[in-house]
Amino acid sequence: MTELTHDELTNTDMLDGDPSIGELELEDRASLRRVAGLSTELADVTEVEYRQLRLERVVLVGVWTEGTPAQSEASLAELARLAETAGSEVLEGLVQRRMRPDPATYIGSGKVRELRDIVVATGADTVICDGELSPSQLRQLEEKVKVKVIDRTALILDIFAQHARSKEGKAQVELAQLQYLIPRLRGWGAALSRQGSGGNGGVGLRGPGETKLETDRRRINKRVSKLRREIAAMDTIRETKRGRRVANEVPSVAIVGYTNAGKSSLLNALTGAGVLVEDALFATLDPTTRRAATADGRTYTLTDTVGFVRHLPHQLVDAFRSTLEEAANADLLVHVVDGSDPAPEDQVNAVREVLNEITRRRTDPLPPELLVINKADAADELALARLRHVMPGSIQISARTGTGVRELVETITDRLPRPEVVVEVVIPYARGELVSKTHADGEILEEEHLPDGTRLRARVRPELAAALQQFVTDGSRA
Ligand SMILES: Nc1nc2c(ncn2[C@@H]2O[C@H](COP(=O)(O)OP(=O)(O)OP(=O)(O)O)[C@@H](O)[C@H]2O)c(=O)[nH]1
Ligand SMILES: [Mg+2]
């Protein structure tokens, strides 16, 4: 790869014709900043050759409109991780400081020329923009840099397409991809041939991609309706299962959080579920529900679900709505945060934004939230102390080493909704099954073995209280 000097990257095209740009720092406005340390170029030649068969070589480009320099670099670093997760090799990352993206080409027209030079110099075949671009922005930029241009939304959709396993997950991702494609059917891609890879147009275009792009809008709309029906049907099945749990009043806990925060690791640590854990973004797309029990024997369910990301494409939020709503209907949200991340608050805000979007259309408030700072083993002490301060009530754990997990279990136990009826009964030894049931579904306050049976004082649900009615002794209170 040809090294470009800082000057070559920054000296052209001072103002980019943006009238509001005068408000920016002089230094920033001229710069198309290079973000260091993003390159994932491989050193080993044989591996390079092997990977080039299937990987794109990409240049990332972002427009930095707000926030600190660190935030803008973190955003591009995240884009790099997303690109790698999708299977691309990141050659270069560039950020332009601007008040807003250029309406025609996303980055300013002068920067487009620089970008073209970098693409040529690095031999990249794809440019990935750190935002959602309009169809015409994509088209115009593509015409100018003469390689494939995709945006962050297409990239995330691509990862979801690669990771979807279940029938429902695949349908949800395809729906999201088609919704993304519909407004882009005309024009975008015309500049370049995207043919010939059999539904695998490379990063950003896998899944329904190429062949369906050629079909007409009507066929795509029909497919969208069909997918919606299928998803609704699968949703009904899940609703039924969930309904059964609700009817049994089994309390539910949903594990939510930013992608790669350690949600699946936590589910595994709490239940030994053996769910896939991977140092990759969006490893989990399908919700997994496991039963767990409190120390006093009450059962509850724990559900691991798809991770969130800043600006999660709205097409995905829409397609995954039913899955996400399940989390929003839980009795408790365990919100897992990566404590070793440089900016955990940004992750927390991004997750809350998505949750709010899911619940925007309904009246029920979100369930109570328990913040869990994970990866304490990998975070430095100062950062953890700061998080304790800014996130009071949060619990710090390591799903990897087990530190803090016991305290977390105790806190979850405390926060679960409690059965409301207190009964005092003496259950004859012949009816041992009722004792077991009270242990499983209720909360035992006292237990004593008497000559004529087991005396229990317990908190139980009304139905169980009714079943126990015949064994009630004097001390009972409703
Ligand atoms: N150091 C450290 N790493 C952890 C810890 N918990 C999880 N990880 C690592 O973080 C990465 C992501 O873990 P996952 O459990 O797959 O994260 P997730 O939140 O389910 O991720 P997605 O499903 O992709 O959204 C894996 O490489 C884990 O090994 C922890 O407590 N400490
Ligand atoms: Mg996961």
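V421 of β12 faces V460 in β14. The two strands, β12 and β14 (residues 453-460), pair in the antiparallel sense over seven bridges; strands pair if DSSP finds at least two bridges between them. Strands (E, at least two residues) and helices (H or I, at least four residues) are DSSP runs, numbered from the N terminus.

A note on the model: it is predicted, so local features need pLDDT of at least 70 and side-chain atom pairs count only at pLDDT 80 or more, while totals for chains, interfaces and linings use all residues. Residues are numbered from 1 along each chain as its sequence is written, and chains are lettered from A and ligands numbered from 1 in the order in which they are written.

Back to the strands: β12 and β14 belong to an open sheet of three, in the order β12-β14-β13, with antiparallel pairing. Its edge strands, pairing on one side only, are β12 (421-427) and β13 (443-450). Helix α17 (residues 432-441) lies across β12, β13 and β14, at about 30 degrees to β14. Angles run from 0 to 180 degrees between N-to-C directions, and axes are lines fitted to C-alpha atoms, for helices over the stretch in contact. Contact here means C-beta atoms, placed from the backbone, within 7 Å.

There is also an open sheet of six strands, ordered β7-β8-β6-β9-β10-β11, with mixed pairing. β7 (288-293) and β11 (395-396) each have a single partner strand, so one side of each is left without a neighbour in the sheet. Inside it, V253 stands opposite L332 in β9. Helix α14 (residues 344-359) packs on this sheet, touching β6 and β9, and its direction makes about 145 degrees with that of β9.

| Strands | Sense | Bridges |
|---|---|---|
| β12 and β14 | antiparallel | seven bridges |
| β6 (residues 252-257) and β9 (residues 332-338) | parallel | five bridges |

Now for a helix pair. α4 (residues 69-85) and α7 (residues 152-163) pack at about 40 degrees, with their axes 9 Å apart. They are therefore oblique to each other: angles under 35 degrees count as roughly parallel, over 145 as roughly antiparallel, 65 to 115 as roughly perpendicular and the rest as oblique. L79, L82, A83 and T85 of α4 meet R152, L155, I156 and I159 of α7.

Finally, ligand 1 has 24 residues around it, with G262, S264, D279, T284 and G307 coming nearest. A residue is near if its C-beta atom, placed from the backbone, lies within 6 Å. Helix α11 (residues 263-271) gives the largest share of the shell, three residues.

Notes
Contact = placed C-beta atoms within 7 Å.
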